[in-house]
Amino acid sequence: MKKKAYLCIAVLMITAFCLAGCGATVNYTYDDADKYTAGDREISDSIDKLNIDYAAGDVDIKAVPGKTVSVKETANRDLEEDQKVHTRVDGSTLYVKFCASGEGMSFKDIEKHLVLEVPENVRLAGLKADLAAGDLNAELKRCGKIDIDAAAGDIKVTAGKVKEFDIDAAAGNCEFVFTKTPSDSDIDMAAGDLKIQLPEKSNLTLKMDSAAVDFSYDLQFKKKGEKYICGTGANEMNIDCAAGDVKITCP
């Protein structure tokens, strides 16, 4: 039920922006719009949370050397100020919006690409990303919680220590590479292949809820009822896939 409802919302969002590409207009509104800054910027504030709402286009998040957070956006043509990415810092949270808040926004034949660069020595408390159409590639050293909702597009996350990992993906392939096993993971996919790389000596309890998937793994699982247990089973992972292949590998 959850996936069906989410998929309906996803289709509506994608349809809206496809219409915009054909010359129609869409509404995109959010609170505190007057507090946002348009375009590229370097942020020296102490940031430990990312909140991203990017409607259409690829998004890259990179952990890089340095002390500032960088927001960079490219497009296939010159953008008006209202069409550019808009950002706001509130406390230690960086809010990222696809464009200015408003009604009747037009994005005819516009293709955008967002790159966020975060200092590699920063331990992020959280990453929240809502994406309608486009690929996401995130490389993070440490993050308390990663929460991603994606309607259409591939997702790749490479991360070190993560406590909570929550993914809702309607249509697209997902690849997750962890150098340490996340404490608590919930992966919900409607259509697409899933590949997860975990340390060979993971302590994991895995529960699979799948309709029609081919499940393969390299970990030394022992099956107990509906659960797969590796090592002490201290960390938990739930996978719910409606259609696609699921593969768990080791380095």
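Guide: In this predicted model, K128 and D149 meet through their side chains in a salt bridge, at 3.7 Å from N to O. The two are 21 residues apart, with K128 in strand β11 (residues 124–133) and D149 in strand β12 (residues 136–152).

Visitor: Is D149 buried or partly exposed?

Guide: D149 counts as buried, because its relative accessibility is 16% and the cut-off for buried is under 20%.

Visitor: And K128, what is its relative accessible area?

Guide: K128 has 24%, so it is partly exposed.

Visitor: How many salt bridges does the structure hold?

Guide: The structure holds 11. One of them joins E117 and K72, whose closest N and O atoms are 3.9 Å apart. That pair links distant parts of the chain: E117 sits in strand β10 (residues 112–119) and K72 in strand β6 (residues 69–75), 45 residues apart. K72 is partly exposed, with a relative accessible area of 37%.

Visitor: Changing topic: which residues gather in a patch of negative charge on the surface?

Guide: E164, D184, D186 and E236 make up that patch.

Visitor: Where does D184 lie?

Guide: D184 is in strand β15, which covers residues 184–191. Its relative accessible area is 38%, so D184 is partly exposed.

Technical notes
Residues are numbered from 1 along each chain as its sequence is written. This is a predicted model: local features need pLDDT of at least 70, side-chain atom pairs count only at pLDDT 80 or more; totals for chains, interfaces and linings use all residues. Side-chain values use heavy atoms; hydrogens and water are left out. Patches are made of residues with over 30% relative accessible area and no salt bridge: like charges are joined within 9 Å, nonpolar side chains (Val, Leu, Ile, Met, Phe, Trp, Tyr) within 5 Å. Accessible areas come from the Shrake-Rupley method with a 1.4 Å probe; for residues, only the protein chains shown count as cover. A salt bridge is a side-chain nitrogen of Lys or Arg within 4 Å of a carboxyl oxygen of Asp or Glu. Lys and Arg count as positive and Asp and Glu as negative; His and the chain ends are not counted. The place of a charge is taken as NZ of Lys, CZ of Arg, CG of Asp or CD of Glu. Helices (H or I, at least four residues) and strands (E, at least two) are DSSP runs, numbered from the N terminus. Buried means under 20% relative accessible area, exposed over 50%, partly exposed in between (1.4 Å probe, protein chains only).
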